[in-house]
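Here is a short note to read beside the model. Keep the structure open and check each point as you go.

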Amino acid sequence: MRVLQNLNFGKAVTELIPKLFEQAIGIVVLTTVVGFILAIVIGFLLALGRLSKHGWLRNIIIVFQEIIRGTPLLVQLVYIYYVVPLLIEVLAYLIGIDNYKCNMPAVTAGIIGIGINYGTYISEVIRSAILAIDSGQTEAALALAMSPRQALFRIVVPQAFRNSIPVFGNYLVMLVKDTSLMAYITAPELLLVTKAYTSQTFLTIESYTILAVVYLIICIPLSWLVKLLEKKFNKKYR
Amino acid sequence: MALLEIKGLKKNFGDLKVLQNVNMTIEEGEVLVLIGPSGSGKSTFLRCLNLLEQPSGGEILFKGENILADKFNVINYRKHVGMCFQRFNLFPFMTVLNNVMYSPVHILKRKESEMKDKAMTLLSKVGLADKANVYPDTLSGGQQQRVAIARALAMEPEMMLFDEPTSALDPELVGDVLNVMKDLAHEGMTMAVVTHEMGFAREVADRVIFMEGGIVLEDKPPEEMFTNPEHDRTREFLKRILNN
Ligand SMILES: Nc1ncnc2c1ncn2[C@@H]1O[C@H](COP(=O)(O)OP(=O)(O)OP(=O)(O)O)[C@@H](O)[C@H]1O
Ligand SMILES: [Mg+2]
């Protein structure tokens with residue numbers, strides 16, 4: 001078969017791998033780290049909002065969560081990258097700023113989209129972890145003259161957060177893989193760089209195989225690490 | 001003036017009337033033991049005393065001041081009333097020492113170095129100085145309850161509430177906890193204790209209070225309560241738990 005005779009892994013390895021490292025890995029790491037931190041912050045805020053005593057705030061958050069969970073991440077990324085800048089321009093026009101050009105770098109859009117999407121899922125993890133803490137903890141804190149807010153933030157939340165860490169880890173591995181969706185909004189991450197290379201060289205089999213292997217090399221050790229974390233944090237406090 | 005004066009206290013959960021009309025006076029230094037069948041409202045009553053439960057009606061006067069008034073500072077009040085729970089409720093992510101020190105240092109703003117000495121003294125008092133730096137989950141139930149007592153005492157309360165402090169414990173661990181509570185009683189701490197430990201009641205209680213159906217059915221010194229109860233219901237209840 002022609003395809004097999006023309007296979008040239010040597011060339012693809014020596015050319016594509018340096019490209020991936022120079023151009024793409026940095027973006028994947030950046031998106032993962034910043035996106036994940038953002039997701040935890042958003043998740044935390046949404047969880048606290050859901051536990052608020054204000055019904056209107058709870059309802060707004062529930063609607064927001066439904067929207068995020070009811071649409072694909074890829075669509076959200078496209079929306080943030082292409083639609084949101086236009087909306088911002090319209091808004092600027094409405095408040096009297098003419099000809100405002102909103103430039104949203106693709107990586108920024110990716111980080112925001114991933115942060116919001118993962119934050120929404122993580123918020124449910126944090127919320128149920130908070131609800132799962134025995135009410136006796138809050139009562140003991142109150143009996144020791146803490147305010148309800150102090151009881152929540154100083155006694156309940158630290159325990160809920162620790163109990164959530166193993167689940168966070170699983171989301172982290174998923175998030176790394178989902179950075180590939182940013183290819184669609186032109187962020188030069190691993191998939192897009194690989195795609196560009198194949199269209200120049202037609203080394204399709206080689207390139208995408210290398211891409212898959214690179215993801216495995218990132219994700220397998222990461223999930224081992226997560227398993228270790230899980231072991232550590234599923235134990236009691238000692 | 002009485003330390004606590006409770007007048008016509010009521011508590012409903014929806015349609016369920018748990019406390020109907022409770023009247024009681026607690027003098028400084030008094031030790032009260034509350035007994036009564038399950039569901040009679042003992043825990044609810046105790047929890048009303050430090051406002052973990054908001055009463056539905058009546059009055060609670062602390063040194064003459066109505067703690068149910070709108071502008072009453074509940075958090076400040078709780079500094080004066082310590083509580084120990086059936087399930088201990090120690091903070092599992094803090095060491096024993098930090099459990100004892102946390103609120104005095106972070107809420108009462110006591111100096112950390114002084115508080116550490118004080119906490120160690122309290123832990124020695126409950127016989128657990130050697131456990132200061134371990135986490136609560138490594139302790140037995142009896143040890144955890146003694147830490148919980150030390151933690152409450154670190155706030156220097158004027159009164160202590162105990163809700164069945166020994167009923168989650170293995171029988172052989174009950175004695176150590178009761179001994180700590182007896183010491184506390186002999187030092188003059190005002191205490192309200194829900195318990196089925198009649199030996200404890202006989203030895204240290206000034207008054208035993210029998211609750212039934214959300215009211216105080218009988219309130220008298222232990223000798224009288226145990227030898228000469230007024231109501232049949234009290235007699236039946238005492239017979240049942242003394243035979244256990
Ligand atoms: N938060 C609550 N909501 C609804 N009902 C409650 C609540 N707390 C207590 N009750 C009910 O109030 C009644 C009295 O409960 P309470 O815990 O005060 O009784 P108790 O005398 O302490 O009983 P036990 O000996 O079993 O501890 C029970 O019927 C209980 O189901
Ligand atoms: Mg009870």
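1. **The two chains.** The contact between the chains draws on 25 residues from chain B and 21 residues from chain A. Contact here means heavy atoms within 4.5 Å. Chain B and chain A bury about 2000 Å² between them, with 65% of it on carbon and sulfur atoms. In chain B, Phe91(B), Phe93(B) and Asp137(B) lose the most area to chain A, together 25% of what that side buries. Buried area is the accessible area (1.4 Å probe) that two parts lose on being put together, summed over both. The size of an interface is often given in this way, as the accessible area lost when the parts come together.

2. **How to read the values.** This is a predicted model: local features need pLDDT of at least 70, side-chain atom pairs count only at pLDDT 80 or more, and totals for chains, interfaces and linings use all residues. Residues are numbered from 1 along each chain as its sequence is written, chains are lettered from A and ligands numbered from 1 in the order in which they are written, and side-chain values use heavy atoms, with hydrogens and water left out.

3. **The shell around ligand 1.** Helices (H or I, at least four residues) and strands (E, at least two) are DSSP runs, numbered from the N terminus.

4. **Polar atoms at the ligand.** A polar side-chain atom of Ser38(B) lies 2.6 Å from an oxygen atom of ligand 1. For Lys42(B), the distance to a ligand oxygen is 2.8 Å. For Glu164(B), an N or O atom in the side chain is 3.4 Å from an oxygen atom of ligand 1. Taken alone, ligand 1 exposes 630 Å², and the protein buries 59% of that. Such areas come from the Shrake-Rupley method with a 1.4 Å probe.

5. **A closer look at Glu164(B).** Glu164(B) sits in the loop between strand S7 (159-163) and helix H6 (171-186) of chain B. Is Glu164(B) buried or exposed? Glu164(B) counts as buried because its relative accessibility is 15%; buried means under 20%, exposed over 50%, partly exposed in between (1.4 Å probe, protein chains only). Leaving aside neighbours within four places in sequence, Glu164(B) is in contact with Lys42(B), Gln86(B), Val194(B) and His196(B).

Technical notes. A polar contact is a pair of N or O atoms within 3.5 Å; within protein, one must be able to donate a hydrogen and the other to accept it, and residues adjacent in sequence count only if both atoms are side-chain atoms.
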